[in-house]
Structure formats: structure tokens, C-alpha cells
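Colleague: I have some questions about the labels used for this model. Please set each one against its cut-off.

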Amino acid sequence: MSFLVVFLIIIAALFATAFFTKRRFGVLGLALAAGAMLSTLWVGDLTPIIASAGFVLIKPPLESVVAAALILFPATILLVSGPTYSTMSQRVVGASVFAILATALLLQPMGSALVIDGVGKTVYDLFVEYRSVIISICLMLAVFDLLIAKTPKAPKH
């Protein structure tokens, strides 16, 4: 399957997940950042442990799968609880930015797991070139989303 098709399927799945759960992007975006940090710190140590437990992959490489799982794990946990959006436009924007941030963070594991050629190579190179800008803007939007979120007030007794 073409890299571009896999790339679009991943973006669509991430968008749909965030959209239908109605979760706020701020929390999910910072969870993705935490997952990226966990992946950087632990993928080298966890991959041999998982491989020694009998879970062996050749294509895609096990290290890429472990890295992707570590990146997405904190956000996946937060998809079941947390603050939500109330309007459709907020849901669309939040889910879009979530999908873009997650895809930017998953570029390295996807790049080492898939064969990239043709138009997919052009799209991949474009994302890689602007990856740090995309991640920075998305994380700033996540913090901004947390700042504008209204927290419920505790009832007075």
C-alpha cells in the first residue's frame, strides 16, 4: 500500500477518534507531547523486553511499533475521560489539530516502518521539513486551549 494512502488513513483515524469522543485538544495535545518524550526515553529499553517476550515483527520493525504505541498511549488513555467541546466547530478544529500533531510526532516511526516513494515521498519530505514548526504551533495551541477551557466551579455548601 502506498505511503500516502497509509498517511491519509492515519490522519483520518486520528481525526475521527478525537472528533467522536469530543475531547478537548489541549489535554490530548499535551498527552501526545508526553508520549513523544516517553518514546524518546524508553523505546530503546522496551523493544528488547517486548522482543524477548516472544513478540517479534519484521515488517514494520518492532521498534517503530513500540515508538508509535508510546507516543499515542497517554492520549489514548485521556480519550475516555476529561474535558469536552460543546460546539461542532470546536470539535472539528480540535480534532484537526490533534490529527496533525499526532501525525507530525509519528513521522519518524512511520518513515522507518513504511516504504516511501513517488508522491508519498514528496508529502513525507514536506512534513519532515516543517515538522518542528508544526509541532511547536500545535503545542502552543494546546496550551492556549487549556487556558480558555472553563473549569466547573465547586458547589457552595
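**Labels and their grounds**

Modeller: Leu 46 is in contact with Val 66 and Leu 70, leaving aside its neighbours within four places in sequence. This is a predicted model.

Colleague: What makes these count as contacts of Leu 46?

Modeller: Contact means heavy atoms within 4.5 Å. Val 66 and Leu 70 meet that with Leu 46.

Colleague: Where does Leu 46 lie, and why is Leu 46 called partly exposed?

Modeller: Leu 46 lies in helix H2. Its relative accessibility is 28%. Buried means under 20% and exposed means over 50%. Leu 46 falls in between, so it counts as partly exposed.

Colleague: Why does Gln 108 count as exposed?

Modeller: The relative accessibility of Gln 108 is 53%. Exposed means over 50%, so Gln 108 qualifies. Gln 108 belongs to helix H4, residues 88-113. From Gln 108 to Leu 30 is 78 residues in sequence and 19 Å in space, C-alpha to C-alpha.

Colleague: Why is Lys 22 partly exposed rather than exposed?

Modeller: The relative accessible area of Lys 22 is 37%. Exposed needs over 50% and buried needs under 20%, so Lys 22 is partly exposed.

Colleague: Which residues of H2 and H6 make the contact?

Modeller: H2 brings Phe 25, Gly 26, Val 27, Gly 29, Leu 30 and Ala 33. H6 brings Cys 138, Leu 139, Leu 141, Ala 142, Val 143, Asp 145 and Leu 146. By class, the contact of H2 with H6 has 10 nonpolar, two polar and one charged residues.

Colleague: What makes H1 oblique to H5?

Modeller: The axes of H1 and H5 (residues 119-129) come within 7 Å and cross at roughly 50 degrees. Roughly parallel needs under 35, and roughly perpendicular starts at 65. The angle lies between those limits, so H1 is oblique to H5. Phe 3, Leu 4 and Phe 7 of H1 make the contact with Val 119, Gly 120, Val 123, Tyr 124 and Phe 127 of H5. The residues of that contact divide into seven nonpolar, one polar and no charged.

Colleague: How many helices and strands does the chain have?

Modeller: The chain has six helices and zero strands. From the N terminus on, the elements run α-α-α-α-α-α.

Colleague: What share of the chain is buried?

Modeller: Buried residues make up 34% of the 157 residues. The accessible surface of the chain comes to about 9300 Å², and 73% of it belongs to carbon and sulfur atoms.

Methods: Residues numbered from 1 in each chain as written. Predicted model: local features only at pLDDT ≥ 70, side-chain atom pairs only at ≥ 80, totals over all residues. Heavy atoms only, no water. Helix = DSSP H or I, 4+ residues; strand = E, 2+ residues; numbered from the N terminus. Nonpolar A, V, L, I, M, F, W, Y, C, P; charged D, E, K, R; others polar. Buried < 20%, exposed > 50% of the residue type's maximum accessible area, 1.4 Å probe, protein only. Areas by Shrake-Rupley, 256 points an atom, 1.4 Å probe, with all protein chains shown as cover. Axes fitted to C-alpha atoms, helices over the stretch in contact; angles between N-to-C directions. Parallel < 35°, antiparallel > 145°, perpendicular 65-115°, else oblique.
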